[in-house]
Amino acid sequence: MNDEARGPGGLDSAYDRRPRRRSPWGRRPPYGDPRQHDGPDGPPTYAALDLGTNNCRLLVARPAGDSFRVIDAFSRIIRLGEGVSASGRISEAAIVRAVEALGICRDKMKNRGVTRAHLIATEACRAAENGAAFQARIVEEVGLDLEVIDRETEAGLAAAGCTPLIDPDAEGVILFDIGGGSSELVWLDRSVPTRRGPPLPEIKAWVSLPLGVVTLAERHGGHAVTREIYEAMVAEVAAHVDRFVAAHGRPAIDRIHLLGTSGTVTTIAGVHLELKRYDRRRVDGCWMSDDQVTVVVERLLAMDYDGRVANACIGAERADLVLAGCAILEAIRRAFPCRRLRVADRGLREGMLVRMMRADGVWGRVGGGEGRAP
């Protein structure tokens, strides 16, 4: 895996002079009170920004003990990849949405005094013929220099971010990250022990599937999803998953568990927990049995579009995408019929933070005399 984190992150000081306004895009982050702020002599402040096919997400954090403390966050569905699979281009409407969301992220980073950042874009920018022009426009209009990462790096970041949730008694996990334009599948062995800091992922095999919730929903439809349409989506994904199994084999299912990170699995967990309002603290790290996942998926299949919109854990922004995500998950579950699934409300951003802090020797310096953490 490519283990390099970029340097200062391309924050353009010229934008410091731009007037700031309170944006209606922001929402209260689920990580705690963002007003907590250390003084100028406190620990360094890191930022991780992930511009995906469907979402724009930011975390700002500082080292704390063997991990880090999130002091600010932002997440917004912007559908950057809407229509890319058909047109091959990022649309003007999507660019406008991205510019506004990224402007909010830029202001948050500046307000928090970020000293080191990693700013990435994924499948939509990889696939679009105007991806490079979009990057240049973001530099010009927002002052952020995005790195379009490859699929191997994306899989590695997901693994780095989710490794702390692996059951220490398991021999390994099948980690999956269901994205908007692609989905990563990673077979992880037991984590490598470290003296300080989060555990290191031990990647045995990985694959990036060229399918995500946006691409599947656009191809098969996301509003009226019949059982036949759903099974067609499952079959399309299964063809890719089966090739991964044929190439790498299948671990002993009774000795591993599934570990999922994406809006799909966090939504399924929220529905399972009957949450009246999404609560990250209850979802991140929760366990679901295979039967419990099946019950929720069947419940979602039985809902019409309006019913999905009305559900507090789905809403209008995900109602046309959630069953495509369930189809991707179903193909993975059929290939790896594990008894347990652990849900992660974490992923690429946490992986970026861990890699930057580890590269800077944050945990190696704690306690004195330890050098760099492995």
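Me: Why is aspartate 72 called buried?
Reply: Buried means under 20% relative accessible area, exposed means over 50%, and partly exposed lies in between (1.4 Å probe, protein chains only). Aspartate 72 has 7%, so aspartate 72 is buried. One caution about the source: this is a predicted model, where local features need pLDDT of at least 70, side-chain atom pairs count only at pLDDT 80 or more, and totals for chains, interfaces and linings use all residues. Residues are numbered from 1 along each chain as its sequence is written, and side-chain values use heavy atoms, leaving out hydrogens and water.

Me: What makes the pair aspartate 72 and arginine 112 a polar contact?
Reply: A polar contact is a pair of N or O atoms within 3.5 Å; within protein, one must be able to donate a hydrogen and the other to accept it, and residues adjacent in sequence count only if both atoms are side-chain atoms. The side chains of aspartate 72 and arginine 112 are joined at 3.2 Å.

Me: Why is helix 8 called roughly perpendicular to helix 13?
Reply: Angles run from 0 to 180 degrees between N-to-C directions, with axes fitted to C-alpha atoms, for helices over the stretch in contact. Under 35 degrees is roughly parallel, over 145 roughly antiparallel, 65 to 115 roughly perpendicular, and the rest oblique. The two axes cross at roughly 100°, so helix 8 is roughly perpendicular to helix 13.

Me: How do you know that strand 10 pairs with strand 11?
Reply: Two strands pair if DSSP finds at least two bridges between them. Three bridges join strand 10 to strand 11, and the two run antiparallel. Serine 289 stands opposite arginine 340 in strand 11.

Key. Helices (H or I, at least four residues) and strands (E, at least two) are DSSP runs, numbered from the N terminus.
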